[in-house]
Amino acid sequence: MKTINYRTSTIIGRLLVCALFIFSGVALILASIYLEAPVLRKVFSVAAGILGIVFFGRMAVMLIILLFKKKHMFRYDNENITVRDETIKLDAIKNIEIENGIRTEYLGIKTPAFILNIRGGESIYIPTYYVISKMDFHVVHKTLKGTVSDRTIR
């Protein structure tokens, strides 16, 4: 069975970028408190710092969870595909779509995802959690489409 995983190096890289923005938000708040500036500028600094910390802090929490949990995106062979311990026969999959606003289970963050549409009307989501590079995104999509649509092998 072949496995497609999230890359640890991509997760760590994105986590470092989030940390940079969180530290920038803290620096904006501290600068507005301790430096001499007009009140309006201080308000904008504090607001920008809080927004940066909230947005990138949520993303950092999600990335830390992903760093320590299983990195399996999905597994497949000639007969089945397994997504989060749920095995689906490839013949039951109608098509594969890409959606950009799928809500994750982590703090309400929306992420791009691959959607496996099953013949019974059910949909199974494979979220990317923003840890797949643009190049890998197209490779994974091509692998999924090729695995599902290549019915000559099965």
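Let's start with Phe114, which is buried, with a relative accessible area of 0%. Please keep in mind that we are looking at a predicted model. The partner of Phe114 is Phe137: their ring centres are 4.9 Å apart and the planes sit at 25 degrees, under the 30 degrees that counts as stacked, so this pair is stacked. Phe137 is buried as well, since its relative accessibility is 17% and the cut-off is under 20%. What I like here is that the pair links distant parts of the chain. Phe114 belongs to strand E6, residues 110-118, while Phe137 belongs to helix H3, residues 134-149, and 23 residues separate the two.

How many aromatic pairs does a search of the whole structure find? Five. Another of them joins Phe74 and Tyr76, with ring centres 6.0 Å apart and planes at 40 degrees, so that one is tilted. Both Phe74 and Tyr76 are buried. There is also an aromatic cluster, formed by Phe21, Phe55 and Phe56.

Now over to helix H2, please, residues 39-68. Which residues of H2 are buried? They are Ser45, Gly49, Gly52, Gly57, Met59, Ala60, Met62, Leu63, Leu66 and Leu67. The buried residues of H2 pack against helix H1, residues 8-34.

Let me stop at Gly57 for a moment. Its relative accessibility is 19%, and because buried means under 20%, Gly57 counts as buried. Leaving aside residues up to four places away in sequence, Gly57 touches Ile22 and Gly52. Gly57 and Ile22 are 35 residues apart in sequence, yet their C-alpha atoms are 6.6 Å apart in space.

The largest pocket holds about 240 Å³ of space. It is lined by 14 residues, and the closest to its centre are Lys70, His72, Met73, Arg84 and Asp85. Where does the largest share of that lining come from? From E2, with four residues. Strand E2 (72-76), strand E3 (80-83) and strand E7 (123-127) each supply at least two lining residues. Sorted by class, the lining has seven nonpolar, five charged and two polar residues.

Note on methods. Residues numbered from 1 in each chain as written. Predicted model: local features only at pLDDT ≥ 70, side-chain atom pairs only at ≥ 80, totals over all residues. Heavy atoms only, no water. 1 Å grid on protein atoms, 1.4 Å probe; cavity = no way out; pocket = protein on both sides within 12 Å on 5 of 7 lines; lining within 4 Å. Points joined across faces, edges and corners; volume = space filled by probe spheres on them. Nonpolar A, V, L, I, M, F, W, Y, C, P; charged D, E, K, R; others polar. Buried < 20%, exposed > 50% of the residue type's maximum accessible area, 1.4 Å probe, protein only. Contact = heavy atoms within 4.5 Å. Phe/Tyr/Trp six-rings, centres within 6.5 Å; stacked < 30°, edge-to-face > 60°.
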